[in-house]
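Have the structure open as you read.

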Amino acid sequence: MLGKGFVRVIEIVIFSFILFVLLLPNFFYFSDVNDFSKTNNLALCNDLLFSIEINKIFDDVLITDPFTDSEKIREEYEADKELLLNITEKVFPLTVDFEYEIKNVASYQISIGCNCTTEQIRWLEQKILTPSYPTAEYAITGIALSNLSATYDLFIIFNENNLSEYKQNIEGMLEKGKGFVLIRNFSSEPDQFTKEIFVINYSASLASEEELKFNNLSRPETARIAKRFVSNLIRVDTHYINDNEGTLNLKNESYFVKQNSTENCTYIQNCSDCLYEGETCTTLNMANITLYQIDPLIFNSTRVKEWIDIKISGISNKRDYTFKDSFLQTVEKNNYTILTDGNYGASNARTLDEYSSEYKNRPRVFWIYDYNKEKDDLNLLLKTGIIWASGEHYFVSNKEIPAKVDSCIHFYSGLRGNNIPFLVKLYFWGY
């Protein structure tokens with residue numbers, strides 16, 4: 001019996017050894033130092049992005065508050081970015097480098113090539129792109145359609161150009177993911193290439209004043225433009241030397257705006273109370289006006305100019321804002337229409353998937369009719385379209401990412417309550 005028992009023990013030992021040799025490596029696949037490090041770094045990567053969401057770090061890094069002094073904006077952005085990079089460096093081992101890719105939030109700096117006049121550039125800089133929220137800086141340069149360059153993020157085109165003549169140049173930029181914004185009425189049928197990329201269904205009609213609404217808020221293109229619109233800002237100048245009143249032009253109404261420097265609040269015509277930052281009133285013209293920010297340097301009496309930033313929206317549904325303007329009803333509504341009076345479109349937005357299979361390089365195009373440029377709400381829509389058409393995609397540090405790299409992805413619901421989802425991809429690699 002003792003011999004049989006001894007044999008049984010030997011059999012168990014041998015069997016256990018076989019299990020150890022053949023099967024254990026499969027259970028502990030990551031016991032290799034390199035593989036374990038990779039798994040550990042991947043866990044750190046995911047935990048870091050989740051922690052960043054909980055602590056709302058991207059709210060400061062990706063949105064710079066719009067002050068008048070561009071140097072302060074730049075300093076604020078650099079400080080916020082340095083904070084993000086310092087946090088990341090402390091999470092990963094010293095032998096690991098990293099880079100952040102951001103999608104669906106515009107870059108801190110947007111470069112624009114404009115096929116336009118000097119006066120049109122000045123109008124864009126002074127009336128459209130100030131304040132530049134959520135981005136901080138724009139650089140606009142005049143450029144010919146025959147000489148487009150990939151150094152720009154997007155291109156703005158004014159006037160009635162035959163884009164078919166520049167098809168090769170434009171397609172070359174679209175293939176690189178560059179956006180295009182067209183500001184133009186269509187008094188006659190456009191060329192074929194213009195119709196194709198901006199989806200212009202021409203049907204001659206008459207100009208008339210109509211109420212324009214965001215078309216089909218359930219569609220990703222129109223809803224996202226509308227979401228960006230109600231999250232964006234209008235700047236109203238309220239003080240020029242001895243005059244301490246400004247004007248806000250919405251729909252067909254003008255509202256005087258006046259600062260109360262003593263109380264640090266702002267009177268807006270038809271609002272019953274002096275508004276403080278964060279407060280909202282409803283105008284007689286059926287729109288919500290929210291005072292986002294008062295010029296932080298308003299008490300400096302040596303300044304020539306003072307301003308406020310406001311948000312506007314619909315009432316029952318914030319995105320259901322109604323514009324009112326006269327426009328040439330020559331472009332029929334389609335699936336890409338942003339603004340419509342019911343039958344005719346006044347603006348289109350489209351992502352051109354056929355030019356790239358990669359989400360990060362899919363070019364965007366935006367068209368808006370040549371509207372009454374005194375209307376602050378339509379100016380806001382154009383600014384929103386420019387930001388959207390820029391691609392809203394960039395890398396935080398612009399590092400060269402090696403071919404062999406690991407990454408993790410996190411989806412965020414939005415920045416500072418704007419409910420516009422964005423994606424962050426964090427790459428990491430070892431030395």
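## The overall picture

What percentage of the 431 residues of the protein chain count as buried? The figure is 48%, where buried means under 20% relative accessible area, exposed over 50% and partly exposed in between (1.4 Å probe, protein chains only).

A word on the ground rules: this is a predicted model, so local features need pLDDT of at least 70 and side-chain atom pairs count only at pLDDT 80 or more, while totals for chains, interfaces and linings use all residues. Residues are numbered from 1 along each chain as its sequence is written, and side-chain values use heavy atoms, with hydrogens and water left out.

The protein chain has 10 helices and 20 strands; these are DSSP runs numbered from the N terminus, helices being H or I with at least four residues and strands E with at least two. Take the contacts (heavy atoms within 4.5 Å) in the protein chain with a separation of 6 or more: 66% of them are between residues 24 or more positions apart.

The largest nonpolar core has 83 residues. Such a core is a set of buried Ala, Val, Leu, Ile, Met, Phe, Trp, Tyr and Cys residues joined through side-chain atoms within 4.5 Å. The members touching the most other members are L124, F180, F214, L382 and I386. Helix α10 (residues 376-389) supplies the largest share of this core, eight residues.

Leaving aside residues up to four places away in sequence, L382 touches W123, L124, I128, V181, I183, F366, I368 and Y371. There's also a second, separate core of 26 residues, and L84, V96, C408 and L426 are among them.

## Rings and charges

The structure holds 21 aromatic pairs. The rule is that rings of Phe, Tyr and Trp (its six-membered ring) pair if their centres lie within 6.5 Å; planes under 30 degrees apart count as stacked, over 60 as edge-to-face and the rest as tilted. Take F214 and F323: their ring centres are 5.6 Å apart and their planes at 75°, so this pair is edge-to-face. It ties together distant parts of the chain, with F214 in strand β6 (residues 207-214) and F323 in strand β14 (residues 322-328), 109 residues apart. F214 is buried at a relative accessible area of 6%, and F323 is buried at 0%.

F395 and Y427 make a tilted pair, because their centres are 6.4 Å apart and their planes at 40°. F395 is partly exposed at 22% relative accessible area, whereas Y427 counts as buried at 9%. Elsewhere, ring pairs link F58, F92, F98, Y100, Y412, F422 and F428 into a cluster. As for charges, the charged end of R235 sits over the ring of W307, 3.6 Å from its centre (NZ of Lys or CZ of Arg within 6 Å of the ring centre and within 35 degrees of the ring normal).

Seven bridges join β19 to β20, and D406 has F428 in β20 as its bridge partner. The F395–Y427 ring pair belongs here too, since F395 is in strand β18 (residues 393-395) and Y427 in strand β20 (residues 422-430), 32 residues apart.

Conventions:
Two strands pair if DSSP finds at least two bridges between them.
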